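Colleague: Could you take me through this model feature by feature, giving the general idea each time before the case at hand?

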Amino acid sequence: MAHLFESGLFVGQPAWHGLGVLLDNAPSAEDALKISGLDWQVKQMPLKTRLSVDDIDTAIESHVANVRSSDNTILGIVGKGYKPLNNADIFAFIDTFVKNDVLTIDAAGSLKNGKTVWLLCKLKNMTRDIVSGDAVNSYFLVTNGHDGFRSCEVKFTDIRVVCNNTLVISDKDIGLKMRHTAKMDISAISDVVNFASKQFDITTEKYKQLVKKGFTSTSIVKLCKDLFYDQKTELTDRQIKNLTDKVESITRLVETGQGSDISAIKGTNWALYNAVTEYLNFEASGKADDRVTSLWLGKNKDISNQCLDILLAA
């Protein structure tokens, strides 16, 4: 069983690991909360310690435990100032946009036994052709941590229709990050949604720029070195072997990957970018759920964004 994934729902296409509930149609926010297995609360419980076997319990005043209401799983130890953002509150807020026909819920679920939850929403009327027959849809991804280590974050992401590749995940000043404090205001998500169309147009223009630029076999090698290895140190024999494997995989995906048969993109940096993202989505080392989690929340997200920057500057 995929060891990061706990529960979830997916609309239209099965998940990367084949787990979770597959739906034919997008659910309401209320139904999505239940079907995805996120219909539980985070309750905060006091902490005590016993300094020796014969000692009495001593209260720890500075911290509390975040505990899942459904099964009393301890999600994390947090400071007294930590304010939980419950799953139901996120879904209830998103429900306004669902009912106003702004977006649909495409996927949602729990990772790491509830320590991280996520919600992927597809923005309606947000499809752009990079070239004829090669469309990209706009989404935004909400992730929230209950373990004390992850803020609530809202970021744009694009998914290429022809291959279901997750492309760039927005970073820096694009999107929203909210810490779990008393000042947390979930209504700030509205600002992100309202900015979606403008941001999507900016990003798709970058993709179209990639179509105008070509690559060589030498540039694939250099790209892989820049993306996957520290340029300040000399590669070991093992790293050279791994680099060769990556170059071969990405070269193959450029030539035979999903969407590679679209004539207008052959030999372009757009084709190369999608080969890299397909590699990160489906072939990079590690288990499938590790790859996708990394692509959304970790190292592979940074690699995808860096790849776009490098190819735009080429």
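Modeller: Let us begin with burial, where buried means under 20% relative accessible area, exposed over 50% and partly exposed in between, with a 1.4 Å probe and protein chains only. In strand 9 (residues 152–160), 9 of the 9 residues are buried, so the strand is largely enclosed by the rest of the structure. Helices (H or I, at least four residues) and strands (E, at least two) are DSSP runs, numbered from the N terminus. This is a predicted model, in which local features need pLDDT of at least 70 and side-chain atom pairs count only at pLDDT 80 or more, while totals for chains, interfaces and linings use all residues. Residues are numbered from 1 along each chain as its sequence is written, and side-chain values use heavy atoms, with hydrogens and water left out.

Colleague: Which residues of strand 9 point one way, and which the other way?

Modeller: C152, V154, F156, D158 and R160 point one way, whereas E153, K155, T157 and I159 point the other way, and all are buried.

Colleague: How should I read the pairing of strand 9, and over how many bridges does strand 9 pair with strand 8?

Modeller: Two strands pair if DSSP finds at least two bridges between them. Strand 8 and strand 9 pair in the antiparallel sense over 8 bridges, with V154 of strand 9 as the bridge partner of V142. Strand 9 also pairs with strand 11 in the antiparallel sense, over 3 bridges, and here the bridge partner of V154 is L176.

Colleague: How many residues lie between strand 8 and strand 9 in their hairpin?

Modeller: There are 6 residues between them, and in the turn G148 has a positive phi of about 95°. Strand 7 and strand 8 (residues 134–145) pair in the antiparallel sense over 11 bridges, and W118 has T143 as its bridge partner in strand 8. These two strands form a hairpin with 2 residues between them, where G133 in the turn has a positive phi of about 85°.

Colleague: Is I186 buried or exposed?

Modeller: I186 counts as buried because its relative accessibility is 19%, and its place is the loop between strand 11 (176–178) and helix 3 (189–194). Contact means heavy atoms within 4.5 Å; leaving aside neighbours within four places in sequence, I186 is in contact with L85, D89, I90, F93 and M178.

Colleague: What radius of gyration does the chain have, and what would a compact globule have?

Modeller: The radius of gyration is taken over C-alpha atoms, and the globule rule is 2.2 Å times the number of residues to the power 0.38. With 314 residues, a compact globule would have a value near 20 Å, and the chain has 22 Å, which agrees. Of the 314 residues, 51% count as buried, and the chain has 9 helices and 11 strands.
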